Amino acid sequence: MDVIFKSVVGKLWMTIIALFALVLTLFSLMLVQSFDSFYFNRQTKNLQELAEGLSESLAAYPDKRAALGIASSFGAIHRTGLVMVDQMGKLVGKSEGIGKPMVPVEQLLAAPELKLSEALAGKHPAPGRILFTNNPTDRNARMQIMAVAVPIELSPGMRGAIVMYQAIEDFDDTVREVRKLIFVVGVIGFILTTVFAFFLSSRITSPLRQMKETAHRIAEGDFHAEIPIRTTDEIGELAASFNTMASRLNQLVDALSKEKEQLASVLRSMVDGVVMIDEQGKIAVANPPAKHFLRDWEYEHPDEPVPLFAFYQQVVQSGREVTEDLPVQGRIWSLVMVPLNDREQIRGAVAVLRDMTRERKLDKMRSDFVANVSHELRTPLSMLQGYSEAIVDDMAASPEEHKELARIIYDESVRMTKLVNELLSIARMEAGHVELNLEQIELRPYLERIQRKFSNLAKEREIHLLLEIDTKQTTALVDPDKMEQVLTNLIDNALRHTPNEGTVTLRARGDKTLLLEVCDTGSGIPQEDLPFVFERFYKADKARTRGKAGGTGLGLAIAKNLVEAHGGTISVQSKLGEGTTFTIALPDKPKNK
């Protein structure tokens, strides 16, 4: 029931019913009042005229009592009672025939509405209503009459008055009939109004309900919903406007969806990480590189919050961008965070994270290249210059000293030639000029020959050199010379950095992919140096001290280029103080460059 009264149908029905009730009530009051006024004025006038005429007629009769009897028969026709009083107000006579009301004469004469004193004084007062009742709570015990008193000359020099009265129950009956009629009309009007209200409201609310259902469908995401237009009135215009709004909303949502997809595609395809922080300081959007950074930070610093939030507070307080470098998992991320302004307020910030590891690595490579080349060339050049000057200045007294100086000059020139050749080789490799002579070699004999090549050197240094073959593959398609150069460099490095009684193992394993490993139990490589071991002139002097027969620092860089020329990969695992393992993964079909 409460739902009905809150609906448009209920409100319209209540409005029409209230309006009908108000109009019916006002009409009833006006009708009753009109009947009352009309009937009272008419009865008053008739009674007044009747009393005046009767008074004049009675005045002509010498016997007033006989005349009163004649008048009573006349009054019976008009349902009128007569009372005659003398000048002192005492009763002279009365007539109460059939159909006349039984009125207590004493109360009638004493009623102030009758204005008997004015009539006895010779005046002609207007008729008045008089209510007689024996029991105020009993409606049937009450009687209402219309009475008038007019002067009459009873005898010469003696004046009296005639009182005429009529019951007004006819008027009450008429009013009751009118009220019954109004009640019947009200019931019929209520029923017809209710039917009309529900019919009208259903016609009006039907398109409104359709608009409501369509609005719910649009709210649920069905932006193609439309309202059928059946009329050309205001509701039809409203439905047309609603359909236009829904169509434009659909176009706007499609445009926003496309723009969102484009933005998401741009964010996903970006190499840089992008993070958007909302007004509450929470991460709202993060693309894959940014998620990778967040995972690495959480893995490396599980008990520390992501530093983005601290920088966000700086951005909010200063209103300016913040830049910082963040090292995570051996990589260097450059952070740039700028505020998102909404008019004069900051509603968030956007952070761009760029992996600067390669750039920093290249910077380090450039500086190290210049420093190392200068260092590697300066030493042999200085020695060549010094010993050459010694020979020129005849500082060597004996042929043996001359021969020794010439030997040193020769060794340094060989060393310098080796350095230059390696630089040229690595330059050609990085430019993509690597020629491979691929052959299908027998794996075990090939590895045994490389083992024998270093067996004497391993014995001299009291190091155990082992060969392990744990693979079903018996052959490999490689360039034997280039691959031997790679393994030679790796085993030589392992022997140089493994202490006495240590172990160096050359291992072949894997089923689908051939893995060649060189493992040692040497000093290991620090974690911070692992990303740079394959760079040119790399020398981890902090942990892997070189002897006098140290290399140029280009061996691992050359090895990496040769392995990649075969279409394979080379990686390193190391722990300081526990040893190092280099792993070469060769594909089934190497590519020829």
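Because the model is predicted, local features need pLDDT of at least 70 and side-chain atom pairs count only at pLDDT 80 or more, while totals for chains, interfaces and linings use all residues. Residues are numbered from 1 along each chain as its sequence is written, and side-chain values use heavy atoms, with hydrogens and water left out.

Let us start with the record. An unreviewed UniProt entry lists residues 12–32 and 181–200 under "transmembrane region"; positions follow the numbering used here, feature names are shortened, and such annotations may be inferred rather than shown by experiment. In the model, residues 12–32 are 100% helix and 0% strand, with 30 Å between the end C-alpha atoms. Residues 181–200 are likewise 100% helix and 0% strand, and their end C-alpha atoms lie 27 Å apart. Helices (H or I, at least four residues) and strands (E, at least two) are DSSP runs, numbered from the N terminus.

Next, find the open sheet of five strands, which runs β7-β6-β10-β9-β8 with antiparallel pairing. Two strands pair if DSSP finds at least two bridges between them. At the edges stand β7 (283–286) and β8 (322–328), each with a single partner strand, so one side of each has no neighbour in the sheet. On average, neighbouring strands are turned by 25° against each other, direction ignored. Strand β6 (residues 273–277) and β7 pair in the antiparallel sense over three bridges, and Val275 stands opposite Ala286 in β7. Helix α8 packs on this sheet, touching β6, β7, β8, β9 and β10 (345–355); contact here means heavy atoms within 4.5 Å. The direction of α8 makes about 60° with that of β8, where axes are lines fitted to C-alpha atoms, for helices over the stretch in contact, and angles run from 0 to 180 degrees between N-to-C directions.

Now for the side chains. The structure holds two aromatic pairs: rings of Phe, Tyr and Trp (its six-membered ring) pair if their centres lie within 6.5 Å, and planes under 30 degrees apart count as stacked, over 60 as edge-to-face and the rest as tilted. Phe293 and Trp333 have ring centres 5.4 Å apart and planes at 65°, so this pair is edge-to-face. Phe293 belongs to helix α8 (residues 288–300) and Trp333 to strand β9 (residues 331–342), so the pair ties together parts 40 residues apart in sequence. Both Phe293 and Trp333 are buried; buried means under 20% relative accessible area, exposed over 50%, and partly exposed in between (1.4 Å probe, protein chains only). The rings of Phe534 and Phe582, with centres 6.0 Å apart and planes at 85°, are edge-to-face as well, and both residues are buried.

Finally, there are nine salt bridges, each a side-chain nitrogen of Lys or Arg within 4 Å of a carboxyl oxygen of Asp or Glu. Glu484 forms one with Arg449, at 3.2 Å between the closest N and O atoms, and another with Lys453, at 3.4 Å. Glu484 is buried at 14% relative accessible area, whereas Arg449 is partly exposed at 35% and Lys453 partly exposed at 46%. Glu484 sits in helix α13 and Lys453 in helix α12, 31 residues apart. Arg509 and Glu517 also meet in a salt bridge, 2.6 Å from N to O, within a network that links Glu468, Arg507, Arg509 and Glu517.
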